[in-house]
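Trainee: I have not looked at this structure before. Could you take me through how to read it?

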Amino acid sequence: MDRFLFLTFGGLSTGAVYAAFALALVLIWRAARVVNFAQGAMAVATAYVGYAVASATGSYWVGLGAAVLAGLLLGALVERVLMRFVGHANPLNEVIVALGLVLLIQAVLGMVFGNGYRPAAAPFDTDALTLGGVAALSPYDLWVLGAVLVVVVLLALLFTRTPIGLRMRAAAFAPEVSRLLGVDVSRMLTLGWALAAAVGALAGMLVVPTGLGLHPHAMDLVFVVAFTAAVVGGLDSPAGAVVGGLLVGLILSYVTGYLGPDTTPLAVLVLLLAVLLVRPGGLFSSARARHV
Amino acid sequence: MTATRPSARSGVDRPAGPSPLRRLLPGAPAAAGPRGSTLLRHLAGAVLAGTLVVLLTNQLAPYQNLQVARVCAFLCVTAGYTVLVGLNGQLSLGHGALMATGAYTVALVQRAFDERGVQGRWILPLSLLAALAATALAGLVIGLAAARLRGPYLAGVTLAVATLVPAISTIFTGVFNGEQGLRFPAETPPAVLGAYFQPERWLAWIALLAALLTVLLLANLVRSRFGRSLRAVRDDEVAARLAGIHVARTQVLAFVVSAGCAGLGGGVYAVLTATVAPGKFPLELSLFLLMAIVIGGLGSLAGAVWGAVLLVALQDLPSLLTETFSLPSGLAQRLEGNLALAVFGLILIVVMLAAPGGLHGAARTLVARLRTRRRAPEH
Amino acid sequence: MRPTTRRILAAATGLALLAAVPACADDAKQAAENVPGVTDTEIVIGTHQPLTGPAAPGYSKISAATKAYFEHVNSKGGVNGRKIVYKVMDDGYNPANTENVVRKLVLDDKVFALLGGLGTPTHTNVLEFVKTQKVPDLFVSSGSRNWNQPDKYPTTFGWQPDYTVEGKILATWVKQQFPGAKVCHFGQNDDFGRDSLAGVEKVLGAVAAKQTYTTTNQQVGPAIGALKAAGCQVVISASIPGFTALAMGQAAGQGFRAQWVVSNVGADYTTLSNQLGDKKVILEGMVADNYLPMVGDTANPWIQEFTKIHQKYNAANPIDGNAIYGYSMAYTFVQALLAAGKDPTREKLVEAVQKGGFRGPGLTPFRYSADVHAGYSGVRLNKVQNGAQAYFGPTYTTDDGDAAVTEFTEAPATPPADAIPTT
């Protein structure tokens, strides 16, 4: 039982990060109908900015702010300079441009900062608090969980309570009608990318201290897992991303703990098939499943 | 489930000719009349291309011949892949893992004979056929699941498949020998060709033959009624169904054909070095395959050729760049490797922005512009 | 359809056969060419290294040092008047790329020998090719026992002590210092972890608990939790630096206090403390092993010489265990090249290494002979104290079989002038 609790806590803390990252993917999907394969590389780039600022100013919080700001700018830049000009003849072209961006970003980071690991300090203690003899969550894990929760609530408020959020949703779901109603659809698209990249930047800052450290490939694995989480939850649903992220985090923790570290890719596939064969649009798909 | 038996068999039979597959196609096969000439045209093209490449291999040094061989091995994969993604509209990100399936099948079959002391020229084609069959079967399983899924959801499942190779090879270490992989007897040129015949040239010929057969078969397939069904399903599933096309069966068959080609390509790829290892089939390979077919020109076999060339160029770009520029050591170290990746990333972005139809699309537009008076080529 | 297919086959084969005839003469001429890669002024050798990709951190600095050492040697006139050209190819730690670049080096660039190809999964896949091409394949950068198979791979040689030798010696020390303690093993789920565990169990018998990790899964928490639950007092770890840091960080986070005893491969203090940053205090007390001078030992004459070379030719990189590794391996290569004589051939080079007898920066002799192609025969333990990693206790030697672990008392060699071997 102790082992189960221990693995549950571990799964929750990693799952929270996957949730944040999956959320970023969902935001772009909702805004632009694109799975942003460059999300991981963009988040790493902003994390480099964040940690450079943090070490220059001596404050993690200034660094975090800088990373999120860099995320906003990078997201807007990628949309304005690149994605906007990708032909829509074929939806895969955007995926390929994103993959090209991954290579470019990782290579440039390697050239500028070197391919080595850089230490990434956590703003809180990473030693776990014990709960009835079981190593449970550390203060840092609590911060991660709290930060993700706050972002989810803020995004929910933004989309349901503010005019700009409503305009973004309208632009994404019915661009033609929105345009007729005077919504600047193209600006909403840029805003969607910026917002998603900012959430991605936050996720990057949260995940880096828990892994091997900051390096150009720091998010490669995280991206794959977060994509899985987003798909499991349903790409249209922010709530689905959070549930999917936590679910994937828990399952990976249990599988690693009980079956060994090698079996996780198999477990991920089984989870995906189990969910998608029953609900082809993910757990939280609102639209009717397509029948074939 | 009705599709299971026949389509698995079709994978085995395929190299003998496309006819067994066509017999199973949705609807009755079209009359042989006009198709016959298409076949002859393709055949002539294949013989011509094959002859040219063979003549070329005689002029090349060993390493260049290996490059030709790798292009041919990748061509088997990209040709089948572009049919699935480009013509049928199903996005798979797991073709690297399908290549691995073929590669491991070749290794296991060849080792099984080797351990029993059985030798013979027929083992190579047999092992490649087994690779094709085993991978087509894997494709059937994935295809059955895929037929229910669309767009990013299918991408998610196949992406998970792409990450499986290291896990499977470690879990079943007894069979696959973990991360070290398997080695099997290297393919050597027959004695008839002379004692000093370049072994790499022989490898290039094997790969060339596999690629020509694959492309020939696919070229006929896409011009057939099945090819039209593939496109119809891609363009509008509802309309296709109304037109009497069995959508799910078409999709599953497309996956089987595409997987078979990937298995053959993976098998040939393994034969070139007589090794397999999980590290040779990472997630990046699957993503690079996708880039190759899109940059080459999605849905066209000529684009698949471009893509295969690009994949080999990508593998060789780093060493080329390292040698071309001799830089001061501090800077050189940062650029080494990274520069090649940056260049490739830029190429991807620029090609996609400048030529949304890929290299083949760009070439076609160029040709069309050069002879504006002629009507636009095909379809 | 069938006859048509057969027709193409026949046509293609016929054409190919015809076309093949004129090419034969060329091939025969190529085969007769002698001593690839060696001219009167140059010796070209090559290697494959992970300069990019996930294995690049740390390991990409080894070849930089090796290259710097050869620049140093070349500036003093080279070896027997020949300058050494070291072609470093990036393989990104992907075996498919390794196979390509090694074929390019051997077939296209016609290198004389390979030196220090890095990694077990990568290099394993080129062994057969290297053998058929009869290329000397010196000093593979990995402690796998695969390189020590002279019957199967007569031109391949290891250099660093193999993981079993290391495991035996670490376990011997643990047995002396912690009699009766619960000793556990944490290892990578491949030959590295398995060979190490085999060595440990040769000395200690079955360990109390063993856990593995895989490089594609950074969740080491569950494994560390299991070791904690098993009540381990000593953990012997066969892990690469990134995972040493992760595992020890997890252990600290879970309040799991045990003595960590880490394989040399994953225990370079400079690398680990760079990765851990402010958390590097958890490394205090970590025991590891090494067989080369420690980079922090500034009084050591080898370190002084290597530092001079480093500052002149490799200043862009930090001087750490990886750099010392690169310098020392390059030193051994120059020794081997000198031993191969004024007009080296591939056969002479292999014979020279088999003859062995090289002493240089390393603490122990090599095991090289006609029957053994394994490198250093032993290690000495070191410990992190007050932010510095330093040797303590005796140097031990052993083999990867059943030989006893014995103390080695011979004093280390002193460097020749400019740290360039003369014989």
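Trainee: How many of the eight residues of strand E11 of chain C are buried?

Mentor: First, some ground rules. This is a predicted model, in which local features need pLDDT of at least 70 and side-chain atom pairs count only at pLDDT 80 or more, while totals for chains, interfaces and linings use all residues. Residues are numbered from 1 along each chain as its sequence is written, and chains are lettered from A and ligands numbered from 1 in the order in which they are written.

Mentor: A residue is buried if 20 or more other C-beta atoms, placed from the backbone, lie within 10 Å of its own, exposed if 12 or fewer, and partly exposed in between. Helices (H or I, at least four residues) and strands (E, at least two) are DSSP runs, numbered from the N terminus. In E11(C), residues 378–385, six of the eight residues are buried, which leaves the strand mostly covered.

Trainee: Which strand does E11(C) pair with over seven bridges?

Mentor: Two strands pair if DSSP finds at least two bridges between them. The seven bridges join E11(C) to E12(C), residues 388–397, in the antiparallel sense. Gln385(C) stands opposite Ala388(C) there. The hairpin of these two strands has two residues between them, and Asn386(C) takes a positive phi near 50°. E11(C) is also joined by four bridges to E10(C), residues 287–290, again antiparallel; Asp289(C) has Leu381(C) as its bridge partner.

Trainee: At what angle do helices H10 and H11 of chain C pack?

Mentor: Axes are lines fitted to C-alpha atoms, for helices over the stretch in contact, and angles run from 0 to 180 degrees between N-to-C directions. Under 35 degrees counts as roughly parallel, over 145 as roughly antiparallel, 65 to 115 as roughly perpendicular and the rest as oblique. H10(C), residues 241–253, and H11(C), residues 269–276, pack at about 55°, with axes 9 Å apart. They are therefore oblique to each other.

Trainee: How many residues do chain B and chain A bring to their contact?

Mentor: Two residues are in contact if their C-beta atoms, placed from the backbone, lie within 7 Å. Chain B brings 40 residues and chain A 41. On the side of chain B that touches chain A, H17(B) gives the most, ten residues.

Trainee: What about chain A and chain C?

Mentor: That contact takes 31 residues from chain A and 31 from chain C. On the side of chain A that touches chain C, the largest share, five residues, comes from H1(A).
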